[in-house]
Amino acid sequence: MAEGKKEKRTGDGGPSEKVPAVNVMKSSTGPVHAAKGKSSDKDQEGPDTMPRTLQFPPDGTGMTAVERTEEPSSSKVIVNTDGPVAEAVPLDLEKENRSKRPSPVKRFGDSLRSILTKPEREVHLRKVAKRMDDPKKDLEEGVELMESLELGDKNVKVDIYLNPVTNEYIYHPIEPTLGPRQKKILEFIRETLSQSLNYDRMAMEGLQEKERFLKNELDIILQDYRSVVGGVTTEFMEPIRYHVWREYIGYGKIQCLMKDQGVEDISCDGTGIPVFVYHRNFGSIRTTIKFESDDELEGFVVSLAQRAGKTISVAHPILDSTLPEGHRLNATFGREVTTRGSSFTIRKFKEDPLTITDLVKFGTISPQMAAHFWLAVQYGDSMIFAGGTASGKTATMNATSIFIPTSAKIISIEDTREVNLPHQNWIAGLTRGSAEGGRETDIDMYQLLRAALRQRPEYVLVGEVRGKETMTMFQAMATGHITYSTMHADSVKSIVYRLENPPISIPRVLIQALNLVAIHNQLRVKGMRVRRITELVEIVGIEPTSLEIITNRVYRWEGNGDHFVFGGHSNLYEKIMDMEDMTRDEVIHELNRRSEVIEWMLKNDVRKFTDVSKVIVEYYEDSDKVIKLIRENRDIDIKKGLRLFDNAPVEKLPSASKEALPPYTTADKSSQPPIGQAPPNAGGG
Ligand SMILES: Nc1ncnc2c1ncn2[C@@H]1O[C@H](COP(=O)(O)OP(=O)(O)O)[C@@H](O)[C@H]1O
Ligand SMILES: [Mg+2]
């Protein structure tokens, strides 16, 4: 940016020696403002006042005199020739200032003192030093390194340690360390940026814009620094750049937690308490990150709120909002409502959500249940995914929705962005409002849902139903829309109870419109915390005389042996038999074929939702082709997509129904009896 600009240099380099260009006076948002506005006034205040201009950290050696040739003459920049502090002052002030300036040594000291005497700065500096110097500093003794995670960013990695005494895992992020000189430069950059950065601009614009803006600022500062102090190579600057980026663009201390795709939730419960995360592979795990003081944590929570476009303060100490990347943010401010200090929880939006393959892999459902969902989605069952908090309702809803045929029109409605689909024809609706609600500008689930239905969607996904939107959803179901939603309830009985009673109050006849309910549970199996769909229940109808709701339990989970048991019958089969003019055997045959596809995906680790989606799309297009390919177990490189599926010339199978199918067996016969030879305990409630 400063290329082509000329300057003169005196000092230890000798007079008039050419050095790299310096751009000290860039703009009103640049790092130096001496020529304009307040700072120049300040410069005149008196001999003891430090000029609020460019102050280099004191470890530079030779200083330079720099004359900028492209600036208007009134803002010509002079860098002092006799000391380590460079400053930019307008010409008319230059002379005066020079006489007022304290000696280099004094200023050198002042500059450092001014940094160190600010209490927050001091704390910060010490902390930075602590975290960066020794990568194992925050770890207790005797811990054993278990695993290192790469996060796809050369600057950060994570070590997972085990404390053999407490049998506890520890999440230990490692970021670039800074040497003493680098720390001073970082501090200098902070100081300079705090004077120059246009915070409104930083807050308003998009990420890319922000990054460019910061990079520019940084380049200018470093250019200045380099030309004055010298000796700063790119490698030397790299870690500093990372830390500046982390502070102004990234998520500061928790940046690597935000970066790690495996981290699902982040919670900070107060000052001085380790931040905990929920990790896909390690469960709930303590990190070595801590907010050491109330000030630091409060500042951080305020900055999180700002990112979410909200405010949090003593007057409004509770926040429920969404961060720009879609992560859900809950936070409290101060010690009044949460006595251990400010707190925050971030539930991360999954760019890479759990897929049906994951659910089978984790044992949440069996391959046949996945196939059942597949048919249920295709043949228009409306479903409710029920369970307790964090039992996996939303995850299953999302994973199941991947079966929605490619071009079907989908509308989703949520409070917090969680649903993530590969479909093109999908409108993702999000409510708008404050935690307190009731503002005129708020848009709630009910309003959104009604608006959505006017757009004639085939599939409607409602994040979580609680209030009057539920009635609208059931009306939509009754008028032929296929709806999925989650609900906080632990059994079919309690779902029906909640639906029929205030505030929802749905008449029983409408409840019949619902077809399938999946009950989620978090359980312990062999000491491990797992999630299981413990029941998959169909709503069959209403008994005409007693008005009882008739249900059919299609699958149930059995704790003894951790397996699923097929109930022997499903209403869905009859529906498909009607719709497709198939026999029951043909339907079951089809179910088994899909089950086979699911198992193939499991075996070949086809788990990314875009990849899973490809297989399903292919299956909808030509199921025989897919079945044939997977039976031949072609070597398919999923990284390249499923291109082989597209290209491979396939000899057609005679037809799905006539095809001679080898008897279907599951991976584990004992746990999953083949469908069609069901145990006698059919039916449920
Ligand atoms: N079947 C599962 N197995 C393992 N982890 C799961 C499963 N389902 C969900 N999760 C994880 O559990 C957390 C809560 O899941 P979510 O679907 O949001 O729960 P709910 O909607 O019931 O509150 C998420 O971090 C998610 O990734
Ligand atoms: Mg949920």
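1. Housekeeping. Residues count from 1 along each chain as its sequence is written, while chains are lettered from A and ligands numbered from 1 in the order in which they are written. As this is a predicted model, local features need pLDDT of at least 70 and side-chain atom pairs count only at pLDDT 80 or more, though totals for chains, interfaces and linings use all residues.

2. Start with ligand 1. There are 15 residues around it (C-beta atom, placed from the backbone, within 6 Å), and E264, G392, K393, T394 and A395 come nearest. Helix α13 (residues 393-401) gives the most to this shell, 3 residues; helices here are DSSP runs of H or I, at least four residues, and strands are runs of E, at least two, numbered from the N terminus.

3. β1 (residues 144-150) and β2 (residues 157-163) run antiparallel, joined by 6 bridges; strands pair if DSSP finds at least two bridges between them. β2 also pairs with β3 (residues 168-174), antiparallel again, over 7 bridges. Look at I160 in β2: E147 stands opposite it, and its bridge partner in β3 is Y171.

4. The turns are worth a glance too. The β1-β2 hairpin has 6 residues between the strands, and G152 takes a positive phi near 70 degrees. In the β2-β3 hairpin, with 4 residues between the strands, N167 has a positive phi of about 60 degrees.

5. Finally, α5 (residues 180-196). Its end C-alpha atoms are 24 Å apart, which agrees with the 24 Å that its 17 residues should span at 1.5 Å a residue, because the expected span is 1.5 Å times one less than the number of residues.
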